[in-house]
Structures are given as C-alpha cells and as structure tokens.
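Here is a briefing on one protein chain. Look at the model first, then read the notes by topic.

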Amino acid sequence: MPMVRFRLIGNRADADSIIAALHGINNVEHIEEVDDLMPMMRDDSSSSESVSDSEGQIYCIEVDTPNDQVADTVRGSAEAVAYELEAGIEFVDEF
C-alpha cells in the first residue's frame with residue numbers, strides 16, 4: 001500500500017484544514033500526524049521563547065492509501081489546499 005508523507009509548513013489551523021480535506025477522499029485508509037523526529041530547535045535554546053504561535057510550524061503527516069491512484073489524489077488535494085491556505089508543503093519519502 002502506498003504511503004504519502006509530507007511536511008506542512010503553516011499553523012495549526014492549516015494542518016487541521018488539510019487533514020479534514022484528506023478525510024473527505026474516498027478509500028483513504030488512515031491519516032496520522034506524526035511527531036517530527038528531528039526538531040528544528042534545541043530544547044535549551046532561549047530563542048524558542050520568542051517564536052509566536054502564529055508563525056509557521058512544521059507538521060509531519062502520513063496518509064495510508066490502498067493504491068497509487070488514491071495516493072495521487074491525496075497529493076493533488078493536499079497541494080491544492082496548501083496553496084489556498086498559503087502554507088508550504090513538501091512531499092517526502094521518509095521523515
């Protein structure tokens with residue numbers, strides 16, 4: 001089964017909107033937001049205190065599909081919604 005993985009650069013509402021849109025696609029088997037395995041900032045960094053919640057965050061999302069056709073639909077839909085929201089999206093093979 002093809003797995004579609006992507007990183008979304010945006011805010012919490014952007015991630016929720018894309019996840020909701022993907023739930024509307026027939027035959028999507030599972031959608032999961034996974035923890036970023038490589039955090040962008042060290043825990044002991046004081047610069048993280050100045051980051052606003054409205055600024056872009058990175059959300060790693062996996063979508064399990066039954067075949068390549070549904071996987072292509074997922075990629076197209078995720079890209080279209082991200083474009084509408086002015087969020088960044090990057091499709092990857094693994095996180």
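The notes below go from the overall fold to single residues.

The model is predicted. The protein has two helices and four strands. From the N terminus on, these elements run β-α-β-β-α-β.

**Overall figures**

- The protein has 95 residues, and 32% of them count as buried.
- Take the contacts between residues at least 6 apart in sequence: 82% of them join residues at least 24 apart.

**The sheet**

- The four strands form an open sheet in the order E2-E3-E1-E4, with antiparallel pairing.
- Strand E2 (30-34) and E4 are the edge strands, and each pairs on one side only.
- On average, neighbouring strands of this sheet are turned by 25° against each other, direction ignored.
- Strand E1 covers residues 3-10 and strand E3 covers residues 57-64. Eight bridges link E1 and E3 in the antiparallel sense.
- Val4 stands opposite Val63 of E3.
- As background, strands of a sheet pair through backbone hydrogen bonds, either parallel or antiparallel.

**Helices on the sheet**

- Which strands does helix H1 touch? Helix H1 (residues 12-23) packs on the sheet and touches E1, E2 and E3. The direction of H1 makes about 150° with that of E1.
- Helix H2 (residues 68-85) also packs on the sheet, where it touches E1, E3 and E4. The direction of H2 makes about 160° with that of E4.

**Helix against helix**

- Two packed helices are described by the angle between their axes and the distance between the axes.
- The axes of H1 and H2 come within 10 Å. They cross at roughly 145°.
- The crossing of H1 and H2 is right-handed.
- H1 makes the contact with Asp14, Ser17, Ile18, Ala21 and Leu22. H2 makes it with Val74, Ser77, Ala78, Val81, Ala82 and Leu85.

- Glu62 is in strand E3.
- Is Glu62 buried or exposed? Its relative accessibility is 16%, so Glu62 counts as buried, the cut-off being under 20%.
- The side chains of Glu62 and Arg5 are joined by a polar contact of 3.0 Å.
- Beyond its neighbours within four places in sequence, Glu62 is in contact with Met3, Val4, Arg5, His30, Ile31, Glu32, Val34 and Phe95.

**Val92, in an edge strand**

- Val92 is in strand E4 (residues 88-92). E4 is one of the edge strands.
- Val92 and Phe6 are 86 residues apart along the chain. Their C-alpha atoms are separated by 5.5 Å.
- Not counting residues up to four places away in sequence, Val92 touches Arg5, Phe6 and Arg7.

**Thr65, in a loop**

- Thr65 lies in the loop between E3 and H2.
- The relative accessibility of Thr65 is 0%, so this residue counts as buried.
- Which backbone oxygens does the side chain of Thr65 reach? One is the backbone oxygen of Pro2, at 2.9 Å. Another is that of Asn67, at 3.4 Å.
- Leaving out residues up to four places away in sequence, Thr65 touches Met1, Pro2, Glu29, Val70, Ala71 and Val74.
- Val74 also belongs to the contact between H1 and H2.

- Asn27 has a positive phi of about 75° although it is not a glycine.
- Where is Asn27? Asn27 lies in the loop between H1 and E2.
- The relative accessible area of Asn27 is 54%, so Asn27 is exposed, the cut-off being over 50%.
- Glu86 has a phi near 60°, a positive value in a residue other than glycine.
- Glu86 is in the loop between H2 and E4.
- Glu86 counts as exposed at 75% relative accessibility.

Technical notes:
Residues are numbered from 1 along each chain as its sequence is written. This is a predicted model: local features need pLDDT of at least 70, side-chain atom pairs count only at pLDDT 80 or more; totals for chains, interfaces and linings use all residues. Side-chain values use heavy atoms; hydrogens and water are left out. Contact means heavy atoms within 4.5 Å. Two strands pair if DSSP finds at least two bridges between them. Axes are lines fitted to C-alpha atoms, for helices over the stretch in contact, and angles run from 0 to 180 degrees between N-to-C directions. Buried means under 20% relative accessible area, exposed over 50%, partly exposed in between (1.4 Å probe, protein chains only). A polar contact is a pair of N or O atoms within 3.5 Å; within protein, one must be able to donate a hydrogen and the other to accept it, and residues adjacent in sequence count only if both atoms are side-chain atoms. A crossing is left-handed if the near helix is turned anticlockwise from the far one by less than a right angle, and right-handed if clockwise.
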